[in-house]
Structures are given as structure tokens and as C-alpha cells.
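The following paragraphs give a guided reading of one structure, with attention to how its elements pack against one another. Please keep the sequence and the coordinates at hand while reading.

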Amino acid sequence: MFFAPTVLGLARLRHRLFLLCFSAGNYYNQGEIRKKELLQSCDVLGIPPSSVMVIDNRGKAWIYKKRCSSCALPSRDFPDDPGVQWDTEHVASVLLWHIEENGINLVVTFDAGGVSGHSNHVALYAAVRILHSEGKLPKGCSVLTLQSVNVLRKYISLLDLPFSLLHTQDVLFMLTSKEVAQAKRAMSCHRSQLLWFRRLYVLFSRYMRINSLSFL
């Protein structure tokens with residue numbers, strides 16, 4: 001929904017990608033459905049099931065990569081709920097485990113605005129900010145944050161490109177027409193979330209075509 005240009009851009013550069021999702025999206029009791037949809041979407045974007053980890057608030061982490069006792073990360077503290085503030089230190093500890101376990105050298109996440117302002121998005125930024133500022137990230141591991149833009153820029157699609165070129169500080173990914181179609185196919189996998197306003201989002205949001213990011 002937000003990161004397709006970055007995912008496809010990094011894949012274009014031959015990077016190996018992992019996806020860590022801190023919630024199964026169970027706010028409407030659709031967690032099982034949404035996990036399957038996420039896997040389908042990742043497959044379209046070129047991320048295999050073995051590189052996907054979903055933390056399910058109803059129990060232990062839902063992991064395809066490995067099955068081991070150390071993978072049973074505590075997960076009941078990350079409910080899919082914008083009204084609940086996730087514990088920043090707890091998010092940071094889980095994130096650091098995932099980084100070290102998989103030898104990650106680049107973390108891509110939200111900025112302080114969380115794109116949509118969702119508190120769970122903001123919690124991820126706060127956690128990675130702590131790891132970065134306290135020097136806890138492994139040597140050589142960088143962090144890119146996705147730039148949040150105002151509502152007008154958010155919904156003018158490719159017309160936002162001049163603004164993005166002017167305001168991007170570090171990295172800009174823009175999709176080709178073929179890649180845009182791929183991103184739309186990935187988004188269409190999330191059938192349980194495709195309400196009318198999200199269908200409009202797919203058509204008009206610049207995040208389906210453009211990502212501007214900054215290094216911490």
C-alpha cells in the first residue's frame with residue numbers, strides 16, 4: 001500500500017528482501033485471511049514465503065523462515081489497534097532480533113508521520129530511531145524512512161514527481177508502467193481491505209508510484 005516502489009526498486013537492484021510485519025491485521029477478526037493475502041501480495045512483489053515473518057497478536061510469531069524455540073517471540077503486545085500504543089522498547093527488541101537473525105544491512109520503515117498517522121506505524125519509526133540513536137544496530141546496517149507528505153501531494157499520483165524531486169533528501173524510487181501494474185496486482189491480493197476508498201487510493205495515490213526516503 002505504501003512501500004511497493006521501494007520493494008520493487010530494491011528488487012530491481014538485485015537486493016534480497018525480507019518482510020517483517022508486526023501485526024496480522026486482526027482488528028476485524030480477519031487475521032488469518034489477511035496473513036494469506038499478505039503472502040500472496042509478497043509473492044507478486046517477488047518476496048518468497050521463506051522471507052516473510054508476521055507477528056500474530058493472538059499468539060506466537062507466525063514464521064515461515066524457521067521453526068525453532070527462539071522464534072517464539074512474545075507478540076501479544078502488538079495488537080492491530082490504532083488506539084493502542086505499542087511499547088517502543090519491546091518493538092525495538094523484536095526488530096533487532098530479526099535484523100541480527102537474518103543479517104539485515106538495510107531497514108526500510110515509516111518516518112515520524114507514519115504516512116497515514118497510524119499510531120502503529122509511528123511506533124515502528126520510534127523503535128528503529130532508538131536502535132539507531134543508541135548505536136544498537138549491527139555495524140553496516142542503515143535505516144531508510146519513507147517520507148510522509150500532505151494530503152494534496154498524497155493523491156495527485158505522478159503529478160507529485162516535481163515536488164518529490166525537489167524535496168527528496170536521499171533516495172527516490174519511481175516505478176515504470178510495468179512495475180505500477182505489478183504493484184496494483186499486489187494490492188489487489190488484499191481483497192479483505194479493498195473497500196471503495198482504497199480502490200480510489202490505488203488509482204490516485206503517489207505511494208503506488210513514487211517513494212521518497214531519507215536515511216537516519
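In this predicted model, helix α2 (residues 31–45) packs against helix α8 (residues 177–188) at an angle of about 165°, and their axes lie 8 Å apart. Angles over 145 degrees count as roughly antiparallel, and α2 is therefore roughly antiparallel to α8. The crossing in which α2 passes α8 is right-handed. On the α2 side the contact involves Ser41, Val44 and Leu45, which meet Gln182, Arg185, Ala186 and Met187 of α8. Sorted by class, the contact of α2 with α8 has 4 nonpolar, 2 polar and 1 charged residues.

Helix α8 also meets helix α1 (residues 4–12); the axes of these two helices come within 10 Å and cross at roughly 125°. An angle of that value makes α1 and α8 oblique to each other. Here, too, the handedness can be stated: α1 passes α8 in a right-handed crossing. From α1, the residues Ala4, Leu8 and Arg12 take part, and from α8 the residues Glu179, Gln182 and Ala183. The residues of this contact of α1 with α8 divide into 3 nonpolar, 1 polar and 2 charged.

In α3, Thr88, Glu89, Val91, Ala92, Leu95 and Leu96 meet a set of α5 residues consisting of Ala123, Leu124, Ala126, Ala127, Val128, Ile130 and Leu131. By class, the contact of α3 with α5 has 11 nonpolar, 1 polar and 1 charged residues.

Ile130 belongs to helix α5 (residues 119–133). Its relative accessible area is 18%, and since buried means under 20%, Ile130 is buried. Once neighbours within four places in sequence are set aside, Ile130 is in contact with Thr88 and Glu89. Between Ile130 and Cys42 there are 88 residues of separation in sequence and 28 Å in space, taken C-alpha to C-alpha.

Beyond its neighbours within four places in sequence, Phe2 is in contact with Phe110, Val115, Ser116, His121, Leu146, Tyr201, Tyr207 and Asn211.

Thr145, placed in strand β5 (residues 142–146), counts as buried at 7% relative accessibility. Leaving out residues up to four places away in sequence, Thr145 touches Phe110 together with Thr109, Asp111, Tyr125, Ser212, Leu213, Ser214 and Leu216. Phe110 is accordingly listed among the contacts of Phe2 and among those of Thr145.

Definitions and conventions: Residues numbered from 1 in each chain as written. Predicted model: local features only at pLDDT ≥ 70, side-chain atom pairs only at ≥ 80, totals over all residues. Heavy atoms only, no water. Contact = heavy atoms within 4.5 Å. Helix = DSSP H or I, 4+ residues; strand = E, 2+ residues; numbered from the N terminus. Buried < 20%, exposed > 50% of the residue type's maximum accessible area, 1.4 Å probe, protein only. Nonpolar A, V, L, I, M, F, W, Y, C, P; charged D, E, K, R; others polar. Axes fitted to C-alpha atoms, helices over the stretch in contact; angles between N-to-C directions. Parallel < 35°, antiparallel > 145°, perpendicular 65-115°, else oblique. Left-handed = near helix turned anticlockwise from the far one by under 90°.
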